[in-house]
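Please examine the sequence and the three-dimensional structure shown below.

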Amino acid sequence: MGNVMAILQDVDKCMRCNGCVISCKRTWKMKALNPGVHKTAPDQRVIIKSQKRVDMGPFMRFSCWHCSNPPCEKRCPFGAIKKMPNGAVAIDPEKCNPGGTNANGVKCIYQCQIDCGRGGYPKIGVGSDLYSTAKAWKCTLCYGRAGAGESLIPSYGPPLPTKATAEEIAAVPEKAHQPSCVFTCPARAMMWDTRDNIIAYINDPANGFISAVGDGSMFWASRKVLLVPPKADPYVEDHVTPLISSLVSGPFAKAALVPTLLAGGLAAVIARRQALAAGVEEEV
């Protein structure tokens, strides 16, 4: 039995270079439907977007959360969506048949998209050079090419490279191959590790995080601002997030440091709350 893996985005390090977006497209042979247009679509499975109304950061990753108990898996009439042993929620495009009817007469009405617990994924359409018909597409943690598991489609290519050391790979064999977004990021803003190790890393006071959100196999953390849990599709919450983030990212919010909770009762570490709160009291 392999390890349950996860990705942590260190929001403070992200500079929105979009290297992860481009590498994802190339790795999974996605069709360039709208070159130069930044939006979520069948040909884009990850997007980097500012949490605030003004486009000045903090920049957050928006993609599938790979839920621990994914609702999208349960109602797929073709059994195309599976929660894999390494934590990934993967879609087999060979089985996926949007709008079709299975052998029992159950018709696909895009249940996976309707049931998405985080809002927005999968995206359904012609999103790959390998398929001329519509399929459901989303991030799969590069399942089959990173971590554990065999490639769902051999034509996608060999296992992906890694920046992990020999010692790290010996401790966690799944680190022998990293997801494309993690390997490509020049700022090293994304971490690929076991879910348990990432939660421990977030909670270690030595790392200085004051806010963290996440569940399943996707986590976000910051040392500077309080984070709003991102939807899978950033445009689903455009009318809400700018208002909330302007409040939780301001000086008062950082002084108050209301804890952001991770699913399962995990509270974010708030290492500097007393010092910051004391500073505000002195100013008042």
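This is a predicted model, and its average pLDDT is 80, with 78% of the residues scoring at least 70. Residues 238–284 have a pLDDT below 50, although this stretch has 71 contacts in the model beyond near neighbours in sequence. Where pLDDT is low, the predicted coordinates should not be read in detail.

Strand β9 covers residues 211–215, and four of its five residues are buried. Its partner is strand β10, residues 218–222; the two run antiparallel and are joined by five bridges. One of these positions can be located by name: glycine 214 has phenylalanine 219 in β10 as its bridge partner. Together β9 and β10 form a hairpin, with two residues between the strands. In the turn, glycine 216 has a positive phi of about 60°.

**Aromatic rings**

A search of the whole structure finds four aromatic pairs. One of them consists of tryptophan 28 and tyrosine 156, whose rings are edge-to-face, with 4.7 Å from centre to centre and 75° between the planes. Which parts of the chain does this pair tie together? Tryptophan 28 belongs to the loop between α1 (19–27) and β2 (47–50), while tyrosine 156 belongs to the loop between β7 (135–137) and α4 (166–171), so the pair ties together parts that are 128 residues apart in sequence. Both tryptophan 28 and tyrosine 156 are buried.

Charged side chains also lie over tryptophan rings, as the table shows for two arginines.

| Charged residue | Ring | Distance to ring centre |
|---|---|---|
| Arginine 118 | Tryptophan 65 | 3.8 Å |
| Arginine 145 | Tryptophan 28 | 5.6 Å |

Tryptophan 28 therefore takes part in an edge-to-face pair with tyrosine 156, a contact between parts 128 residues apart in sequence, and the charged end of arginine 145 sits over its ring.

Serine 68 is found in the loop between β3 (59–62) and α2 (71–74). Valine 89 is 21 residues from serine 68 in sequence, and their C-alpha atoms are 8.9 Å apart in space.

Notes. Residues are numbered from 1 along each chain as its sequence is written. Side-chain values use heavy atoms; hydrogens and water are left out. Buried means under 20% relative accessible area, exposed over 50%, partly exposed in between (1.4 Å probe, protein chains only). Two strands pair if DSSP finds at least two bridges between them. Rings of Phe, Tyr and Trp (its six-membered ring) pair if their centres lie within 6.5 Å; planes under 30 degrees apart count as stacked, over 60 as edge-to-face and the rest as tilted. A charge sits over a ring if NZ of Lys or CZ of Arg is within 6 Å of the ring centre and within 35 degrees of the ring normal. pLDDT is the predictor's confidence in each residue, from 0 to 100. Contact means heavy atoms within 4.5 Å.
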